[in-house]
Amino acid sequence: VQLQASGGGLVQPGGSLRLSCAASGSIFSVDVMGWYRQAPGKQRELVASISRGGSGNYASSVKGRFTISRENAENTVYLQMSSLKPEDTAVYFCNAKIRRDYDGPTFSYWGQGTQVTVSS
């Protein structure tokens, strides 16, 4: 199983970016998907997560500015980021809880990380 993230880059304050993350490989089902971020010298933190049914959960620092969504048929999760601030600068990681077999356990998988830099 692999998670491939894309969409990071350099953007000015107030701008927007859209991150994507696709899970591939031997997958029976994908449960919760989410985005985390880690800024230099700080711990990795949850940005947003979404259930298979589409229920989203957000960190207070991004609520109202970021929107998480997913396409279950494509095992893909998105993060639309708007009104970006310099403090949003971090490496963003996607995460997915994946079941590989009908009666097997759920494992947590991580993407490789994509850099988001908000600067003028």
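I count two strands as paired if DSSP finds at least two bridges between them. The model I am reading is predicted.

**Entry 1: strand 9 and its partners**

I began with strand 9, residues 90-99. Its pairing with strand 4 (residues 29-38) is antiparallel and runs over eight bridges.

Next I checked strand 10, residues 106-110. Strand 9 runs antiparallel to strand 10, and five bridges join the two. Here Ala 96 has Tyr 109 of strand 10 as its bridge partner.

Val 91 stands opposite Gln 115 of strand 11.

Is strand 9 enclosed or open? I find seven of its ten residues buried, so the strand is largely enclosed by the rest of the structure.

**Entry 2: Asn 95**

I then picked out Asn 95, which lies in strand 9. Its relative accessible area is 2%, so Asn 95 is buried, the cut-off being under 20%. What does its side chain contact? I find a polar contact between the side chains of Asn 95 and Lys 97, at 2.8 Å. Setting aside neighbours within four places in sequence, I list among the contacts of Asn 95 Leu 3, Val 32, Met 33 and Gly 34. Tyr 36, Ser 108, Tyr 109 and Trp 110 are also in contact with Asn 95.

**Entry 3: aromatic pairs**

How many aromatic pairs are there in the whole structure? My search gives two. Phe 28 and Tyr 102 form an edge-to-face pair, 5.7 Å centre to centre with 85° between the planes. Phe 28 is in the loop between strand 3 and strand 4, and Tyr 102 is in the loop between strand 9 and strand 10, so this pair ties together parts 74 residues apart in sequence. I note Phe 28 as partly exposed, at 46% relative accessible area. Tyr 102 is exposed, at 67% relative accessibility.

Tyr 36 and Trp 110 also pair. Their ring centres are 4.9 Å apart and their planes stand at 65°, so I call the pair edge-to-face, the cut-off being over 60 degrees. Tyr 36 is in strand 4 and Trp 110 in strand 10, 74 residues apart, and the pair links these distant parts of the chain. Tyr 36 is partly exposed at 21% relative accessibility. Trp 110 is partly exposed at 38%.

**Entry 4: charges over rings**

I looked up arginines over rings. The charged end of Arg 18 sits over the ring of Tyr 78, 4.1 Å from the ring centre. Arg 44 has its charged end over the ring of Phe 93, 3.7 Å from the centre.

**Entry 5: the nonpolar core**

Which residues have the most contacts inside the largest nonpolar core? This core has 30 residues, and I find Leu 3, Trp 35, Val 47, Phe 66, Leu 79, Met 81 and Tyr 92 with the most contacts inside it. Elements that give two or more residues to this core include strand 1 (2-6), strand 5 (45-50), strand 7 (66-71) and strand 8 (76-81). The largest share, five residues, comes from strand 9.

I followed up Leu 79. Not counting residues up to four places away in sequence, Leu 79 touches, among others, Leu 17, Leu 19, Trp 35, Val 47, Phe 66, Ile 68 and Tyr 92. Arg 18 is also touched by Leu 79.

How values were computed:
Residues are numbered from 1 along each chain as its sequence is written. This is a predicted model: local features need pLDDT of at least 70, side-chain atom pairs count only at pLDDT 80 or more; totals for chains, interfaces and linings use all residues. Side-chain values use heavy atoms; hydrogens and water are left out. Buried means under 20% relative accessible area, exposed over 50%, partly exposed in between (1.4 Å probe, protein chains only). Helices (H or I, at least four residues) and strands (E, at least two) are DSSP runs, numbered from the N terminus. Rings of Phe, Tyr and Trp (its six-membered ring) pair if their centres lie within 6.5 Å; planes under 30 degrees apart count as stacked, over 60 as edge-to-face and the rest as tilted. A charge sits over a ring if NZ of Lys or CZ of Arg is within 6 Å of the ring centre and within 35 degrees of the ring normal. A polar contact is a pair of N or O atoms within 3.5 Å; within protein, one must be able to donate a hydrogen and the other to accept it, and residues adjacent in sequence count only if both atoms are side-chain atoms. Contact means heavy atoms within 4.5 Å. A nonpolar core is a set of buried Ala, Val, Leu, Ile, Met, Phe, Trp, Tyr and Cys residues joined through side-chain atoms within 4.5 Å.
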